[in-house]
Protein chains: 2
Amino acid sequence: MEIAHSLQQTRSSYIREILSAATDKNVISLAGGLPDEQTFPIALMQPMLEKLAHMPEIFQYGATAGYQPLINYLHELYQLPDTHTAMICTGSQQGLDLIARAYFNPQDTIAMEAPSYLGAMQVFNLVQANIVTVPQTEDGPDIALLEQCFQQQQPKAFYAVPDFHNPTGVCWSLSVRQQVAALCCQYNVVLIEDAPYRELRFSGEALPLVSDFCPNHSIVLRSFSKIASPGLRIGVVTGKRGDLEPLIKVKQGADLHSSVPMQALLLGLLQHPDFEQHIQRIRHLYQSRYDCLYTALSQQLPQGCHLKPINGGMFIWLSLPDCDTFALAKTMLTKGVAVVPSPVFYPDAAPSPAALRLNFTNASPEELTEAVNRLADGLKAYLN
Amino acid sequence: MEIAHSLQQTRSSYIREILSAATDKNVISLAGGLPDEQTFPIALMQPMLEKLAHMPEIFQYGATAGYQPLINYLHELYQLPDTHTAMICTGSQQGLDLIARAYFNPQDTIAMEAPSYLGAMQVFNLVQANIVTVPQTEDGPDIALLEQCFQQQQPKAFYAVPDFHNPTGVCWSLSVRQQVAALCCQYNVVLIEDAPYRELRFSGEALPLVSDFCPNHSIVLRSFSKIASPGLRIGVVTGKRGDLEPLIKVKQGADLHSSVPMQALLLGLLQHPDFEQHIQRIRHLYQSRYDCLYTALSQQLPQGCHLKPINGGMFIWLSLPDCDTFALAKTMLTKGVAVVPSPVFYPDAAPSPAALRLNFTNASPEELTEAVNRLADGLKAYLN
């Protein structure tokens, strides 16, 4: 069979290619977005893992919207108003896919920051949406250009990662949050707030969700992949009940429902009295790795390279003098370090300033230090 | 946001409405398609459930195509040639959705039997495919009309449930299997063979998959929901490697991958030495329930009602004299028995002979007997 037109437009994932090359034992990978396996709170899951065998009902078909005890727990945890609710997805990636399928026709316009999360571009490409981008400043999207975009392009929605953005690590300021929310209300644009890294703040003060300022013009995606385990594939979407109904309808066709034992396991973990302490531990761990990577980079980078300091998340964005970053990333692989070049985080048509995304959560301090040695050597040679 | 056009066309699931009403304690439900919770082989899963806590790698992000040890096991189990492979899905429902998204453009034609599985119609409606149907005989699809359909409509694919069809319970004869396979090859139509009930044969001899006669013109969907547990949401698609590539590409956007602990758990179960014995047990159990329902119906049905005897699966198809089966099903609910009316198993435009789908796997013999009393009383009153 000939594949669908929608699929002919998607490019193969360069990250997957790099990740595949990065499995070579001699390569230190800063390319992925993986949490450290050693951090998985398996000990805290153990009591519920043992209970599962005595809960035959969770092995039966479940409700499409999710396991009700988990929904109830999250409703309270996120202090949702009665007008709002939560639905469970097979990872927050599915939540994004459901939103795209439920709300977007081919050629409908969606606004995103540039650069932006690759997986979001993939799902919006799959529904053949028209992606328009707004450049990012150090505090979040450029507000003047965002308003111009809302005015001129009239997007249906604005997709954003306000907390420790993937790939740049940028965390929106309070003022930007308030201004974006106001613009969404003013121009009737739905904010799709993706918050997978929100809990990974290791310095500075926690800020409200952007959606807190526009609760009726937003849908929020949350992930447990960075603080619990990505393997479970359990994420959550919250929003107005009426806004989630179409997602539930699509999900019925997409996979009926997400794994119920995994939902019960996640609930047991979230309710474990030591879970908050566990999150504290991974924050400290990731902060120490970030410090290690940032310090080593600051000391060794050749002129013309720039780093953005961050307060959380999983990535450092390394800006470079103008160059072919694809070729650079391939060269770096031969030097034994895997990184992701900036163009993969931009839509095909958009210009992409030269940069690399560096992940620091899945390598030891020794590996990070050695990776920077290789990277700095490679950069010096390449940029000359 | 206004919902997508594709979603505006899908009707809300009548089965869901009935299932929701059927949770009333006074209603005996023959409406669902649920296996009996008591049959779930939790004891056989227990050893692997305990092992999970010592396998940190399965809590990490996994490969989109699935957990490799499970793929390897299934490759051998299904004796796939080297040209073919298996990929793991979040239930076989997702496999179907991935096929629809990877291969169907709006207006592309898909052929199905009529009646047909509701969840398949849903996913093909979601991609706005043009559904054409071929009537079913007691041995499978009407071959002359199927050839006519292939000739005149040139569908991209033919979706079918050859083993213990949902909703009719029909099992295709060997001859029909061979003829359908030959037609698929002759007219270059891909067979999408959905086999969730295949293992639930309780009489007669097992027949080859239709795909065994056209391995290069087919994609096969398999489910573990009826023989293991639907709550896990693990299904599998097998086919030519090249044919599965586009599905993997869509799945990357859809949910990245299916739950790895659930895949490992399923593998442990499939490898348990007592698993085959477990399947034997549920075959016997369901046969006894089928016998109970069939016998009671045969004795009490009013004139003009017809039953098809079956050799496996989960459903009996009860043909009725011409009547409004929606109104009938609603009346039956007030009498304390939930059933599904035939029109929900036909595309909107297709004519639907009056019938009811009756499930026998999730009720005790006492409940089945009482359900038939209520059904027979109701039918006599309604058909007069």
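**Briefing: salt bridges, interface and a buried helix**

Arg283(B) and Glu276(B) pair through their side chains in a salt bridge, with N to O at 3.7 Å. Arg283(B) is buried at a relative accessible area of 17%. Glu276(B), at 47% relative accessibility, counts as partly exposed. The model is predicted. Over all chains, the structure holds 16 salt bridges.

**Salt bridges within a chain**

- Arg289(B) and Asp36(B) meet in a salt bridge through their side chains, at 2.7 Å from N to O. This pair links distant parts of the chain, 253 residues apart. Arg289(B) sits in helix H11 (residues 275-300) of chain B. Asp36(B) sits in the loop between strand E1 (28-29) and helix H3 (42-52) of chain B.
- Arg289(B) counts as buried because its relative accessibility is 9%, under the 20% cut-off. Asp36(B) also has 9% relative accessibility and counts as buried.
- Arg177(B) forms a salt bridge with Asp163(B), and the closest N and O atoms are 2.9 Å apart. Arg177(B) lies in helix H8 (residues 174-186) of chain B, and Asp163(B) in the loop between strand E6 (157-160) and H8, so the pair ties together parts 14 residues apart in sequence. Both Arg177(B) and Asp163(B) are buried.
- In chain A, Asp163(A), Arg177(A) and Arg198(A) are joined into one network by salt bridges that share partners.

**Interface of chains B and A**

- Contacts involve 68 residues of chain B and 68 residues of chain A.
- The area buried between the two chains is about 5900 Å², and carbon and sulfur atoms give 60% of this area. Met1(B), Phe59(B) and Tyr61(B) supply 14% of the area that chain B buries against chain A, more than any other three residues.
- Two salt bridges are found across the interface. Arg101(B) and Asp97(A) meet through their side chains in a salt bridge, at 2.8 Å from N to O.

- The same surface serves both copies, as 99% of the contact residues of chain B recur in chain A.

- Helix H5 of chain A has 13 residues (91-103) and should span 18 Å at 1.5 Å a residue; its end C-alpha atoms are 19 Å apart, which agrees.
- In H5(A), 13 of the 13 residues are buried, so the helix is largely enclosed by the rest of the structure.
- An unreviewed UniProt entry annotates residues 27-375 of chain A as "domain: Aminotransferase class I/classII large". Over residues 27-375, chain A is 40% helix and 17% strand, with the end C-alpha atoms 12 Å apart.

Methods:
Residues are numbered from 1 along each chain as its sequence is written. Chains are lettered from A and ligands numbered from 1 in the order in which they are written. This is a predicted model: local features need pLDDT of at least 70, side-chain atom pairs count only at pLDDT 80 or more; totals for chains, interfaces and linings use all residues. Side-chain values use heavy atoms; hydrogens and water are left out. Contact means heavy atoms within 4.5 Å. Helices (H or I, at least four residues) and strands (E, at least two) are DSSP runs, numbered from the N terminus. The expected span of a helix is 1.5 Å times one less than its number of residues. Buried means under 20% relative accessible area, exposed over 50%, partly exposed in between (1.4 Å probe, protein chains only). UniProt positions are given in the numbering used here, feature names are shortened, and annotations may be inferred rather than shown by experiment. Buried area is the accessible area (1.4 Å probe) that two parts lose on being put together, summed over both. A salt bridge is a side-chain nitrogen of Lys or Arg within 4 Å of a carboxyl oxygen of Asp or Glu.
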